[in-house]
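Let's take a friendly walk through a protein model, one feature at a time. Keep the picture open while you read.

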Amino acid sequence: MKQTSVVLGLLMAPASAWAACPNSADLNNGIQLVQSDGLVEVFRSAADDYVQVDVVLPDGEQTQYVLARGVYLVERAAFDDGEVDPTSRVTNEFETPAARLPLPQAGTEFRGNQRVHEIYQTYDEKVHVQWQDAVSMNFGRCSYTVIPGHVEYVNSRTSYTEGLHYLPQLGLAYVSSYQGAAMDAPSTFRVVRIEKAKG
């Protein structure tokens, strides 16, 4: 009897662990990504075709982002004393409506134009996104299909690139690297855990 219980426990453990891993339905209550340096990103459904991301740095500093279709950055703002600082808000207005922005697929690319609105200026920016072949990646006890991507932003003042990891099973993309025009090498960011948001 004891041996049977042990065998059943071993057989059921992987299924239980898998069931505890978030899926796209969990965006309603929040999906939490934890990076190796302690930075925490919480992704939540905001409105039709939009996902809000609340970022908390290890020192407590907070930033908020809004992503169209869980992928394309359309707004960012910093917090001041627990409230969004309106002077820090930057919005990216794509020519293409959010609902028509393409979801990532392996081996595809997207070129678009956006108008960037900052508090004291507005300027145009070109966006070029390229998606690579899908891979499987482990994040703690959870494993997901990941479509790596690379996005380049170019405007009249500067250019910069970001690496993206899109997780189709979750319906979101997170930034895996960043390189500004003056940087010799990119800064990289490693997610070590993905879990349902707490609270």
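## Rings that meet

Seven aromatic pairs turn up in this structure, which is a predicted model. One of them joins Tyr 160 and Tyr 178: the ring centres sit 5.7 Å apart and the planes make an angle of 40 degrees, so the pair counts as tilted. Tyr 160 belongs to strand 12 (residues 159-167) and Tyr 178 to strand 13 (residues 172-180), so this pair ties together parts 18 residues apart in sequence.

How covered up are these two? Tyr 160 is buried, with a relative accessible area of 16%, while Tyr 178 is partly exposed at 32%.

Look also for Tyr 72, Phe 94 and Phe 110, which make up one aromatic cluster. Then find Tyr 123: Arg 157 lies over the face of its ring, 4.4 Å from the ring centre.

## One sulfur link

How many disulfides does the structure hold? There is one, and it is formed by Cys 21 and Cys 142, whose sulfur atoms are 2.1 Å apart. The link is left-handed, with -100 degrees about the S-S bond.

## The whole chain

Zooming out, the protein has one helix and 15 strands. Of its 199 residues, 37% count as buried. The protein exposes about 11,400 Å², and carbon and sulfur atoms supply 51% of that area.

Conventions
Residues numbered from 1 in each chain as written. Predicted model: local features only at pLDDT ≥ 70, side-chain atom pairs only at ≥ 80, totals over all residues. Heavy atoms only, no water. Disulfide = S-S within 2.5 Å. Helix = DSSP H or I, 4+ residues; strand = E, 2+ residues; numbered from the N terminus. Buried < 20%, exposed > 50% of the residue type's maximum accessible area, 1.4 Å probe, protein only. Areas by Shrake-Rupley, 256 points an atom, 1.4 Å probe, with all protein chains shown as cover. Phe/Tyr/Trp six-rings, centres within 6.5 Å; stacked < 30°, edge-to-face > 60°. Lys NZ or Arg CZ within 6 Å of the ring centre and 35° of its normal.
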